[in-house]
Amino acid sequence: MIVADRKSLEEILAMVREKRKILIVGCRGCVTVCNVGGEKEVEILAASINLARKTSDQPIEIDTVTIERQCDNEYVALLKEGIGTYDAVVSLACGVGPQFLSEAYPNQLFFPGVNTTFFGGAVSHGIWEERCQGCGTCIIHNFDGLCPIARCAKSLLHGPCGGSSDGLCEVSKETLCIWDMIVKKKMEQGRLTDLLKVIEAKDWSSARDGGPRRSIREELIP
Amino acid sequence: MRLSYPPEIKVIQVPCTGRVDIIHLLNALENGADGVYVAGCLEGECHYRTGNLKAKKRVGYVKKVLAEIGMDPGRVEMFNLSSAQGKRFAEIADEITARIIELGQSPVNKREKAKAAV
């Protein structure tokens, strides 16, 4: 899923400083699963903004709504009624959400309420880790399901580098060296010789380096 | 025992403090409570194992929100006591009431009362 972190309350309050009536829009997709922009978080943000504005004697009217997915025009269209009546709309979806909203409602002012961080998953309750970089050409089968593109700070195809120590990456003591894990897994499985194979330089044109990407599936186009 | 505690306190019963969510604490403050405290079981003695520990973290989250918006984080608090500690319950009620009296009215109430006076 796409993982995000909510922006600080201070930053969001600054965004809506002059506004008298706002709408906070949540998303039932990835941001609900990573507990940052679902129905519950929308209500918490609304209560926090309301409390802050009440204490500073600048009352604000806040409406809230959470739609199925903000990255789908079908659901974005459900906001049609009333959307033009707000001074601002804060989206708690990933970066895709506020863009779909502003494309659908060009006259409405939108603000992102979260910082979209990575593609990953929850390793335990409350802790998410990056697992994919969306490079467009998956090669994890070469590394026993461990992705050195997303999980090595240098995205090395042949590792580990000299910065690997005691299974940790030199970038941070909390970052595991994925190459240490790959080598250990290959040894455990008796397939260390796989790593003698030289992998050709990666073609990064399928990643962000090739510019914004598009996916077309002819069979689905009406 | 016939212990008394300050009449300013409104008790809201929940089956376990794990039921108390961030939004409940924020809503109380939004609606004019001068302070909110959660009285849970002793740590390690939750019947549902971790309800009181979850409540403690949620109280911590609300404290951070209050600090961010310039309200004293001491307006929310978590206490732990067993259901057999009636005396401690009354002590805590006295303690939090004294703290809130010292902090004064919630800024939410101050503004609204000032307006009413005008």
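Visitor: Which residues of helix H1 of chain B are buried?

Guide: Welcome! This is a predicted model, and in it helix H1 of chain B spans residues 22-30. Its buried residues are Ile22(B), Leu25(B), Leu26(B), Ala28(B) and Leu29(B).

Visitor: How do you know that the buried residues of H1(B) line one face of the helix?

Guide: Look down the axis of H1(B): the buried residues fall within an arc of 155°, so they line one face.

Visitor: Why are H3(A) and H1(B) called roughly parallel?

Guide: Their axes are 9 Å apart and the helices pack at an angle of about 25°. The cut-off for roughly parallel is under 35 degrees, and H3(A) and H1(B) are therefore described as roughly parallel to each other. Their crossing is left-handed.

Visitor: Which residues of H3(A) and H1(B) meet?

Guide: On the H3(A) side they are Glu43(A), Ile44(A), Ala47(A), Ser48(A), Asn50(A), Leu51(A) and Lys54(A). They meet Ile22(B), Ile23(B), Leu26(B), Asn27(B), Leu29(B) and Glu30(B) of H1(B). This contact divides into seven nonpolar, three polar and three charged residues.

Visitor: How many residues of chain A and of chain B are in contact?

Guide: Twelve residues of chain A are in contact with 14 residues of chain B. On the chain A side, helix H1 (9-15) and helix H3 (39-55) each supply at least two residues. H3(A) gives the largest share of that side, nine residues. By class, the chain A side has five nonpolar, three polar and four charged residues.

Visitor: What is the phi of Asp57(A)?

Guide: Asp57(A) has a positive phi of about 55°, although it is not a glycine. Most residues other than glycine have a negative phi. You will find Asp57(A) in the loop between H3 and strand E3 (61-67) of chain A.

Visitor: Why is Asp57(A) called partly exposed?

Guide: Count the other C-beta atoms within 10 Å of its own: there are 13. A residue with 12 or fewer is exposed, and one with 20 or more is buried. Asp57(A), with 13, is therefore partly exposed.

Visitor: What makes Asp166(A) count as exposed?

Guide: Asp166(A) has 7 C-beta neighbours inside 10 Å. The cut-off for exposed is 12 or fewer, so Asp166(A) counts as exposed. Asp166(A) also has a positive phi, of about 50°, without being a glycine, and lies in the loop between H6 and H7 of chain A.

Visitor: Where is Pro160(A) found?

Guide: Pro160(A) is in the loop between helix H6 (148-151) and helix H7 (178-188) of chain A. The peptide bond from Gly159(A) to Pro160(A) is cis, with omega near 0°. Most peptide bonds are trans.

Visitor: How do you know that the buried residues of H7(A) line one face?

Guide: The buried residues are Ile178(A), Trp179(A) and Ile182(A). Seen down the axis of H7(A), they fall within an arc of 100°, so they line one face of the helix. The face turned away from that buried side carries the exposed residues Met187(A) and Glu188(A). H6 of chain A is included in what covers the buried residues. After H7(A) comes Gly190(A), with a positive phi near 65°.

Conventions. Residues are numbered from 1 along each chain as its sequence is written. Chains are lettered from A and ligands numbered from 1 in the order in which they are written. This is a predicted model: local features need pLDDT of at least 70, side-chain atom pairs count only at pLDDT 80 or more; totals for chains, interfaces and linings use all residues. Helices (H or I, at least four residues) and strands (E, at least two) are DSSP runs, numbered from the N terminus. The arc is that of the directions from the helix axis to the C-beta atoms. Two residues are in contact if their C-beta atoms, placed from the backbone, lie within 7 Å. Ala, Val, Leu, Ile, Met, Phe, Trp, Tyr, Cys and Pro count as nonpolar, Asp, Glu, Lys and Arg as charged, and the others, Gly among them, as polar. Axes are lines fitted to C-alpha atoms, for helices over the stretch in contact, and angles run from 0 to 180 degrees between N-to-C directions. Angles under 35 degrees count as roughly parallel, over 145 as roughly antiparallel, 65 to 115 as roughly perpendicular and the rest as oblique. A crossing is left-handed if the near helix is turned anticlockwise from the far one by less than a right angle, and right-handed if clockwise.
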